[in-house]
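Please read these notes with the model open beside you. Each point takes up one part of the chain, and the residues named can be looked up as you go.

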Amino acid sequence: MSYQDRPVSSFKDKIKSSWPYTLAVAIIVFMSLWIRILPSDNVLLPGGIVKFTTNDAWYHMRTLKVLLENYPHRMFFNPMTNYPNGSYIHFGPLFDQIMAITSMILGMGHPSSHLVDTVGAYFPAVLGALTVIPVYYIGKYLGGHKTGILAAILIAFAPGEFLSRSMIGFTDHHVAESLFSTLFMMFFMLALISAKEKKLRFEDVFNKKFSVLKGPFIYSVLAGVMYSAYQLCWPGGSLFLFIVLVYAIFQYILDNFRNESSDYLGFTGVVTCLASTILILPFVHPDMGFSLYYYSWFHVVTALGAMAGFAALSLIEREFKRKKMRAYYYPLLILGAGILGLIIIKIASPSLYSLIIHAPSTVFGIQQGGPGTILEASSIFYESNQYRVFTLSKAFSNFTTMGFLASILGMLVLAANLFRRPKPQGLLVLVWSFLILLAIYGQVRFAYYYSINVSVLSAYLGGLLLEIVKWSELDQKFKSSVKSPADIPKALKLVKIEQVFAVLLIVVFLIYPVYGSAIPDTKMVYGQPIQPWEEACTWLSSNTPDPGMNYNAIYETPKNGEMFQYPDTAYGVMSWWDYGHYIETIGHRMPNANPFQAGVGGRRVSINETNRPGATTFLTAPSEEEASAVLEAIDPRPEKAGARYIMSDARMATDIFTSIATWTLDTNGYYQAYWTGKEYRSLPTTRYFNSMEARLHTLDGNGLKQYRMIHETEAYQTSELSYKQAYNYFYGGKLPEVYTGYVKVFEYVKGANITGTASPNESVKINTTILTNQGRTFEYSQSTTADSQGRYEFTVPYSTEGPIAGQTQFDTAPSGSYVLSYGDTTKEVKVSEEAVLKGEEIKV
């Protein structure tokens, strides 16, 4: 008999018997919090500066501050990103609301910006530490207190995705997902156990047997509350409803074969789903229809559908027993009912049917094309989604080698034990763990869920090992023989060698690897964005025209099918989607693309599709003319370009360029393998150097007519040098082989038109030396051939006269006049900023 199975005579006795475990859990929670705030010096800097460690953390802090500015109203539509369309915010409201309430309480109603930042920084660490508590109870009710304590220890120090997403400064909703989904499973498990132990029947509801209904009802309502909390942190929370439904089907079938009543399961499911429906309903946006990514009717319909499913399965089971039908007909009937239900849904709502059919592949399937380049969306079992090379290295790094293997073995042992002694909590953990294992096959990000399962399953194996060496008997002997500290030495003699060996095995193979992996991981967490992006975005906010938008205002959502009405002063900033939140939250400017993968453009399914205008089509455009056409197509309004500024960094030009191109589904020809004498190296080709990204960043925009560099940050050592060496060696270039600005800012202008005459068909050249704010110089030049009448024309983007008030205050510009040359003639040409911005003609 395990510890939790023994009867307790009174509440006082219960407290007395459980306080050691409560104290142990409290200590583990404290230790878990401690490791999560270890890198605080990297996040909380002197002067009240807080460095958040992820893209979405910066965005969460933006939505939090807008919420506090307009409390209790929250921003749902944000026109300050994905210009010129804006983005609906799919982040759940609960994560921000809890931080807002905490900030207001600590700030006595008027929290300072620094206090809000500090609360935001510590928040994920606190939620991560609190996850220890439900994990303990899940372990406890699966295998006793010893299993619960071991599970708590393992999740407290679990490395990988769970640890990184619950570190100080990682202010994102993922850790809240883990906490509330685990609380949901814990309360659902408690409801099942309570209802089954009390032999709850539906007749008890009609007969108002509150003594039987009280416990299961409270636990079921709490399960519904936690499921709603989970969903209100992430719209994709229907994943765990799917898990519970799959579990329920297996549990109904098992109970039917064992000729046991499943009313306890039906009651728990109906009450849980009803409570969830009531709580999620106020957050639904009816104009969204059926959407998985935003709070829509999908979230209500799935909860109501699940509730109907529980009721129907219970009703069918009761009819089976009443008519004494053969048990194996029951799963066939469930299958038939499921198929019939899908047919009805397809007829009644094709959009809902499509969403239900394709939703599992979104979670469990391997992403293809551009989405497959997103690191957190890659499979945990492949090096990359594009090149299917099987590996266990990512699984081992997330859960430790022994932890991952123990989770697989734990599922097998748990399944075997369920055949001998079926328990609803055991089957629930088994189905839950298996489906989350499938989820990490689809996306590595879900490793922060599977860490919970690894901890519980590893602890389950450890608990079984302790049972084999009769740890419970030792526990009882200690309790009876130790009355004071003086009795401890005598009691230690009761410990057997096999019990010591079992503890050593658990420490060496389960606890130590987890702790040993976690501590180094805490030292690898640094504030993001890296300094050049912060500097570039700060410069952007101070040296570019105000776009005319109220940064902290809440804007109304455009009516269906309509575009947001921006002021004439508004403009976009083009960059890769990775950096969209930095541009918005630090630069206070409107990015065209953002980390929601909005504004990326390109193709989704087939190479035969038309490349939609966006970041990928702009950056891979094979000519300046095509790149400008993309900008013009992004904003359909006349005389409005989709972007005025372009921001590029060295990674975009080198390390992640292939990922950028993948979103067009056309990556051939950008690189070619060359034998270097020792090995083959993949080097950039003509197609790469013709791309707009290479023209801007690698070639400094030399020769471009409407794009000028206006600022660059400090240089970093990157792959840039090898790209320039390849350009010079293979293509006859003369680029200085030096590192240049890590982030470069360019402006898209009309360009001044310099016209003149020379001899017919004569070669004409114009050039100037550009001096950047970093003190670096590079040559800007163009060449053309005069026509048969001797006329020539150049469109140049740089002003030689400096910036003007109300426009870009650039600090990168020509160090002197343009030099125009043909034959023996040399002329100097000065160009005003007005001529560049208005496209005026300058006659020479």
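**Notes on the model**

1. In strand β14, F778 is the bridge partner of I770. The two strands concerned are β13, residues 763–771, and β14, residues 777–785. They pair in the antiparallel sense over nine bridges. Five residues lie between the strands of this hairpin, and one of them, G775, takes a positive phi near 80°. This is a predicted model, so every position named here is a prediction.

2. Now the chain as a whole. The protein chain has 33 helices and 19 strands. For 844 residues, a compact globule would have a radius of gyration near 28 Å, and the 32 Å of this chain agrees with that. Along the principal axes, the C-alpha trace spans about 105 × 65 × 60 Å.

3. How much of the chain is buried? Buried residues make up 54% of the 844. Among contacts with a separation of 6 or more, 72% are between residues 24 or more positions apart.

4. On charge, the chain carries 67 positive and 65 negative side chains. The centres of these two sets lie 15 Å apart.

5. Strand β10 is joined by five bridges to β11 (residues 743–748), and the two run antiparallel. Within this pair, Y707 has Y748 in β11 as its bridge partner. As background, side chains in a regular strand alternate between the two faces of the sheet.

6. Is H173 buried or exposed? Its relative accessible area is 4%, so H173 is buried, the cut-off being under 20%. H173 lies in the loop between α8 (161–164) and α9 (174–197). Leaving out residues up to four places away in sequence, H173 touches H60, F91, F95, C233 and W234.

7. E197 belongs to helix α9. Its relative accessibility is 63%, so E197 counts as exposed, the cut-off being over 50%. E197 and Y264 are 67 residues apart along the chain, while their C-alpha atoms are separated by 9.0 Å.

8. Two peptide bonds deserve a check. The bond that joins Y71 and P72 is cis, with omega about 5°. P72 is in the loop between α3 (55–69) and β3 (77–78). The bond from Y83 to P84 is also cis, with omega near 5°. P84 lies in the loop between β3 and β4 (87–88).

9. Which residues other than glycine have a positive phi? One of them is T400, with phi of about 70°. T400 is in the loop between α17 (393–399) and α18 (401–420). At 5% relative accessibility, T400 counts as buried.

10. D700 is another residue other than glycine with a positive phi, in this case near 65°. D700 is placed in the loop between α31 (692–698) and β10. With 6% relative accessibility, D700 counts as buried.

Conventions:
Residues numbered from 1 in each chain as written. Heavy atoms only, no water. Helix = DSSP H or I, 4+ residues; strand = E, 2+ residues; numbered from the N terminus. Rg over C-alpha atoms; globule rule 2.2 N^0.38 Å. Buried < 20%, exposed > 50% of the residue type's maximum accessible area, 1.4 Å probe, protein only. Contact = heavy atoms within 4.5 Å. Lys, Arg positive; Asp, Glu negative; His and termini not counted. Charge placed at Lys NZ, Arg CZ, Asp CG, Glu CD. Pairing = 2+ DSSP bridges.
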